[in-house]
Amino acid sequence: MRYCETGAKRLRGYGATLTILGVAAWPLSALAAQGVTNVRLAGYAQPRFESLGDSALFLLRRVRFGVQGDITPWARFRAQVELRDLGSSATETQVAGTDLYIALAHGHWAATIGQAKVPFSPEAIMSASTIPLPDRSVVVGDAAPNRDIGLSAEWRPVSALDVQAGVYDGEGPNQVANPDKKMAYVGRVAVSPVATLELSGAAAAFPDSTWWDAAAVAHRGPWQIRAEWLRRDLRGASGRLLGWYLLAAYMVARDRVQLVGRVEQFDPTSGPRDRQTGLTGGAQYLFKGDDFKLQASYTAFMEQSGAPAVANDRIVVQMQVRW
């Protein structure tokens, strides 16, 4: 009976996704007739095999469908929905909006209104279709601010300087209410002293916490290196969250194979013996760049000395098709 109920929930999720996709595709010709240009459908799918501890399963990590177009030379829109299976702990497939916004641009200025990514963590800002490993680091993927509903502005006077700021509901994506009636404020500055290096810092003030982020991203020839440090301090309490990661990737075999390694550490509370260290080794085979690729990774997690051991090492094999 439990299997039947879970299967029914998944079928409802797939049906909702097909309905949303049909609604998104239907107005393309109508939009073109109204003068909206460069209208196109885009998306990607990520089926995967995942082994976590003593369990294993096949799942659809993400399936995203989006429509976007230019309303005027200085205004465009994007609407994207996602069918997502959260893994072995999920009881049903979720269907939700991801990017739902209008973007405006003029000269050195740009603005985004609606639901979009928060300009905070470089790894969170990156599309899930372009990261070199199947999953983001733990501190970014599980904790850092990602998408929210609000308004952001960007000023880029030269290619070496990028300043972003935003105000949001602070409730996360797909929330139709703001119960505490308070806003969240985010600011980020990125500088590139040389073309192959970007240094950035960000701060976010939420009603209950303050976030800090510092990052460096470098690339030279076949090498890519990214490091990031994040911290969250709870207001009026001693609790804090802390994490960092260092990732290195090397492209071999005529831009077909990329080897990736990552070391990370995540401390979710101020309590003792809850810090976790992860070591990840992986590779991706690029059949056609990020449009068609196969990724594989193994992560070994080590608990802080004195903490009980947990069987949470992870093996992931994931294929991606992007259109």
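## Overall make-up

The protein has about 17000 Å² of accessible surface, and 62% of that area belongs to carbon and sulfur atoms (Shrake-Rupley method, 1.4 Å probe; for residues, only the protein chains shown count as cover). The model is predicted: local features need pLDDT of at least 70, side-chain atom pairs count only at pLDDT 80 or more, and totals for chains, interfaces and linings use all residues. Residues are numbered from 1 along each chain as its sequence is written, and side-chain values use heavy atoms, with hydrogens and water left out.

There are four helices and 16 strands (DSSP runs numbered from the N terminus, H or I of at least four residues for helices and E of at least two for strands). Of the 323 residues, 37% are buried (under 20% relative accessible area, with exposed over 50% and partly exposed in between; 1.4 Å probe, protein chains only). Taking contacts between residues at least 6 apart in sequence, 48% join residues at least 24 apart; contact means heavy atoms within 4.5 Å.

## Nonpolar cores

The largest nonpolar core holds 23 residues (a core is a set of buried Ala, Val, Leu, Ile, Met, Phe, Trp, Tyr and Cys residues joined through side-chain atoms within 4.5 Å). The residues with the most contacts inside this core are Phe120, Val139, Val140, Val186, Ala204, Trp211 and Leu230. Two or more residues each come from H4, strand S8 (184-194), strand S9 (197-206), strand S12 (240-252) and strand S13 (257-267). S12 gives the most, with four residues.

Leaving aside neighbours within four places in sequence, the contacts of phenylalanine 120 include Val186, Ala204, Trp211 and Leu230, and also Pro145 and Arg188. A second, separate core has five residues, among them Ala45, Val63, Val81 and Leu83.

## Salt bridges

The structure contains 16 salt bridges (a side-chain nitrogen of Lys or Arg within 4 Å of a carboxyl oxygen of Asp or Glu). One of them joins arginine 61 and aspartate 135, with an N to O distance of 3.7 Å. Arginine 61 is in strand S2 (residues 55-72) and aspartate 135 in the loop between helix H3 (122-125) and helix H4 (138-142), so the bridge ties together parts 74 residues apart in sequence. Both arginine 61 and aspartate 135 are buried. A network of salt bridges links Arg61 and Asp135 with Arg48, Glu50 and Arg314.

Another salt bridge pairs glutamate 82 with arginine 62, their closest N and O atoms lying 3.9 Å apart. Glutamate 82 belongs to strand S3 (residues 75-84) and arginine 62 to strand S2, 20 residues apart. Glutamate 82 is buried at 6% relative accessible area, and arginine 62 is buried at 7%. In the salt bridge between lysine 293 and aspartate 290, the closest N and O atoms are 2.9 Å apart. Lysine 293 is buried at 0% relative accessibility, whereas aspartate 290 is partly exposed at 23%.

## Nonpolar surface patch

Tyr285, Phe287, Phe292, Leu294, Tyr298, Ile315, Val317, Val321 and Trp323 make up a nonpolar patch on the surface, with about 740 Å² of accessible area together. Patches consist of residues with over 30% relative accessible area and no salt bridge; like charges are joined within 9 Å, and nonpolar side chains (Val, Leu, Ile, Met, Phe, Trp, Tyr) within 5 Å.

Strand S14 (276-288), strand S15 (292-303) and strand S16 (314-322) each supply at least two residues of this patch. Phenylalanine 292 is located in strand S15 and is partly exposed, at 31% relative accessibility.
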